[in-house]
Amino acid sequence: MNEATANMNAPALLACPNMIAIASGKGGVGKTWLAATLCHALAKSGARVLLFDGDLGLANVDIQLGLTPEKDLGAVIEDRMPLAGAVTPFREGDFDIVAGRSGSGNLASLPAQRVAELRNDLIKLAAAYDKVVVDLGAGIDRAVRVMAGPAARVLVIVTDEPTSLTDAYAFIKVTVKANPAAAPCVVVNMAANAADGHKTYETIQTVCRKFLDYDPPLWGVVRRDARVRDAIRAQTSLLTRYPGCAAAADIEALANRILE
Ligand SMILES: Nc1ncnc2c1ncn2[C@@H]1O[C@H](COP(=O)(O)OP(=O)(O)OP(=O)(O)O)[C@@H](O)[C@H]1O
Ligand SMILES: [Mg+2]
């Protein structure tokens with residue numbers, strides 16, 4: 001085992017108490033939107049917050065929020081710029097962002113050692129914040145697991161679609177097996193209502209209990225809300241555009257739980 005591999009296999013040693021990773025397995029279930037909106041809600045409560053675009057393949061935090069960062073992770077990787085140099089303030093939401101390189105995809109093929117270095121730099125940068133939210137890419141490949149590794153809390157986003165449930169289960173499985181202390185939590189997104197959201201949660205809870213002997217806690221249910229798409233299309237945070245709407249209220253409840 002070389003040094004980089006050893007580094008990547010030691011997430012428990014690098015636990016970062018204020019880091020929250022947003023994962024899902026399946027793509028398109030709302031990770032990026034939820035991560036950005038959660039940051040806004042946390043910041044509204046007075047926390048110093050950093051949103052890190054950990055989707056090394058298809059970064060798009062900056063696009064969703066209508067930001068044009070001068071520096072991004074591409075500059076950190078290519079020019080060996082310190083990670084702190086890529087911090088961009090998102091003034092509308094009063095939190096900071098480290099954007100990936102949108103529309104490039106070239107960070108997807110980073111060598112293992114560079115991913116591990118990036119993760120370690122993020123752990124150092126995290127000390128300047130109360131909360132650091134990491135928006136992960138879809139899938140459960142090594143880069144995703146490495147970026148999720150140090151997070152004290154991993155929120156697994158799931159919808160009621162069987163493909164989402166299966167992929168979320170796969171993510172929980174590899175996470176729990178790699179690090180039993182990781183304790184991933186479930187957040188149901190795009191639920192028709194709270195009761196439906198709980199049903200979706202019970203489905204994944206049942207399989208995790210049965211096959212993993214692990215009981216994932218439910219951390220939130222976020223309702224499907226047409227205003228989410230509208231806010232994304234307008235490249236604005238939902239909390240600015242439609243404060244108090246159903247999905248905004250659900251994200252604020254999740255933020256309060258995280259801050260408890
Ligand atoms: N609560 C919600 N209500 C309605 N629509 C939603 C909700 N959450 C997410 N969406 C829709 O889902 C789409 C995908 O969201 P998003 O890009 O955040 O997913 P993702 O999991 O980050 O995708 P990827 O895996 O490709 O990175 C959004 O463009 C939005 O239209
Ligand atoms: Mg995304």
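Before you click anything: helix axes here are lines fitted to C-alpha atoms over the stretch in contact, and angles run from 0 to 180 degrees between N-to-C directions. Helices (H or I, at least four residues) and strands (E, at least two) are DSSP runs, numbered from the N terminus. This is a predicted model, where local features need pLDDT of at least 70 and side-chain atom pairs count only at pLDDT 80 or more, while totals for chains, interfaces and linings use all residues. Residues are numbered from 1 along each chain as its sequence is written, and chains are lettered from A and ligands numbered from 1 in the order in which they are written.

**Stop one: two crossing helices.** Select H2 and H11. Their axes come within 9 Å and cross at roughly 65°. On the H2 side, pick Leu 34, Thr 37, Leu 38, Ala 41 and Leu 42; they meet a set in H11 that includes Ile 251, Leu 254 and Ile 258 (contact means C-beta atoms, placed from the backbone, within 7 Å). By class, that contact has 9 nonpolar, 1 polar and 1 charged residues. Ala, Val, Leu, Ile, Met, Phe, Trp, Tyr, Cys and Pro count as nonpolar, Asp, Glu, Lys and Arg as charged, and the others, Gly among them, as polar.

**Stop two: the sheet.** Now show the strands. There are 8 in an open, mixed sheet, ordered S3-S4-S2-S5-S1-S6-S7-S8; two strands pair if DSSP finds at least two bridges between them. S3 (87-90) and S8 (218-223) are the edges, each pairing on one side only. From one strand to the next, the twist averages 25°.

**Stop three: strand S2.** Zoom to residues 49-54. How many of the residues of S2 are buried? It's 6 of the 6, so the strand is largely enclosed by the rest of the structure (buried means 20 or more other C-beta atoms within 10 Å of a residue's own, with C-beta atoms placed from the backbone). Val 49, Leu 51 and Asp 53 point one way, and Leu 50, Phe 52 and Gly 54 the other.

**Last stop: ligand 1.** Select its shell of 19 residues, whose closest members are Gly 27, Gly 30, Lys 31, Thr 32 and Trp 33; a residue is near if its C-beta atom, placed from the backbone, lies within 6 Å. The shell divides into 8 nonpolar, 6 polar and 5 charged residues.

Note on methods:
Contact = placed C-beta atoms within 7 Å. Buried ≥ 20, exposed ≤ 12 C-beta atoms within 10 Å, placed from the backbone.
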